[in-house]
Amino acid sequence: METGNQTHAPEFLLLGFSATSEIQFIVFGLFLSMYLVTFTGNLLIILAICSDSHLHTPMYFFLSNLSFADLCFTSTTVPKMLLNILTQNKFITYAGCLSQIFFFTSFGCLDNLLLTVMAYDRFMAICHPLHYTVIMNPRLCGLLILGSWCISVMGSLLETLTVLRLSFCTKMEIPHFFCDLLEVLKLACSDTFINNVVIYFATGVLGVIPFTGIFFSYYKIVFSILRISSAGRKHKAFSTCGSHLSVVTLFYGTGFGVYLSSAATPSSRTSLVASVMYTMVTPMLNPFIYSLRNTDMKRALGRLLSRATFFNGDITAGLS
């Protein structure tokens, strides 16, 4: 087994959606539109929560952090892909590839942990409502967010640093629009046993354990809701969890699906489409899922847009 550092590949070729220039133009327009919707939607969620005192609660505090993580998660891959399509240059440097792996993994893990924290928050609110405000105090909420950030960064750093020990072959083509870690490992000439061990360990700690926590939380939540006698209270309890459960299903369904399939079989068009689903579609849909199903969020967004319109009108009147 080779353990020493060897000469690294200067560049990787991101094949992405290889197609004619006409189709590339359509792909560019589609992905640019999706990115702008994702960026705007998540930014509006953050601004609405920060500007409305009625939303200064643990649930919305976690939601604002999730929106920020989604915004950053998408921004690690999509702008580079759009630049590659625009310039017709699909190469990425070795340092750029490692940076993309680190930030992509960091924000992906952060998304995962924040969904777990939000499931715990709903568990406390529904199963232990009398103790909710005491337990979910600002100090604990801050520690949960800080812990999620630290664990995500450390896990991503561990996976990224193990790539530094690898040397690569001459064929440097990645059949994705970003530097996916598993695809990069397939290009290595040196032994990747340690890398695979680290990935399986990180997947267990940062993937399986949080998913188990979410599953257990909703198991307890469902049984608590079924014991409620009032139909109105049942509906309200289910509605507060519906948005989060939809996002969890979309995130895990696409994420686990693409990584399990790419680890077992060679890359395919299906894997590429699944990558688009969890890197672009899921972060884009999250603001719609949380805002359209939430009356408080819709009101906060309405007030935010009204203030923005009023402020813009004042500026226009002042200039004229």
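The exercises below, each with a worked solution, concern a predicted model of a protein chain.

**Exercise 1.** Work out how many helices and strands the protein chain has, and in which order they run.

*Solution.* Begin with the count, which gives eleven helices and three strands. Then follow the elements from the N terminus on, where the order reads β-α-α-α-β-α-α-α-β-α-α-α-α-α.

**Exercise 2.** Describe how much of the protein chain is buried, and what its contacts and its surface are made of.

*Solution.* Turn next to contacts with a separation of 6 or more, of which 80% are between residues 24 or more positions apart. Finally, consider the accessible surface, which comes to about 16200 Å², with 72% of it belonging to carbon and sulfur atoms.

**Exercise 3.** Classify the aromatic pair of Phe102 and Phe103, and decide for each residue whether it is buried or partly exposed.

*Solution.* The whole structure holds 15 aromatic pairs. In the pair of Phe102 and Phe103, the centres are 5.1 Å apart and the planes lie at 75°; because an angle over 60 degrees counts as edge-to-face, this pair is edge-to-face. Phe102 has a relative accessibility of 17%, so it counts as buried, whereas Phe103, at 41%, is partly exposed.

Technical notes: Residues are numbered from 1 along each chain as its sequence is written. This is a predicted model: local features need pLDDT of at least 70, side-chain atom pairs count only at pLDDT 80 or more; totals for chains, interfaces and linings use all residues. Side-chain values use heavy atoms; hydrogens and water are left out. Helices (H or I, at least four residues) and strands (E, at least two) are DSSP runs, numbered from the N terminus. Contact means heavy atoms within 4.5 Å. Accessible areas come from the Shrake-Rupley method with a 1.4 Å probe; for residues, only the protein chains shown count as cover. Rings of Phe, Tyr and Trp (its six-membered ring) pair if their centres lie within 6.5 Å; planes under 30 degrees apart count as stacked, over 60 as edge-to-face and the rest as tilted. Buried means under 20% relative accessible area, exposed over 50%, partly exposed in between (1.4 Å probe, protein chains only).
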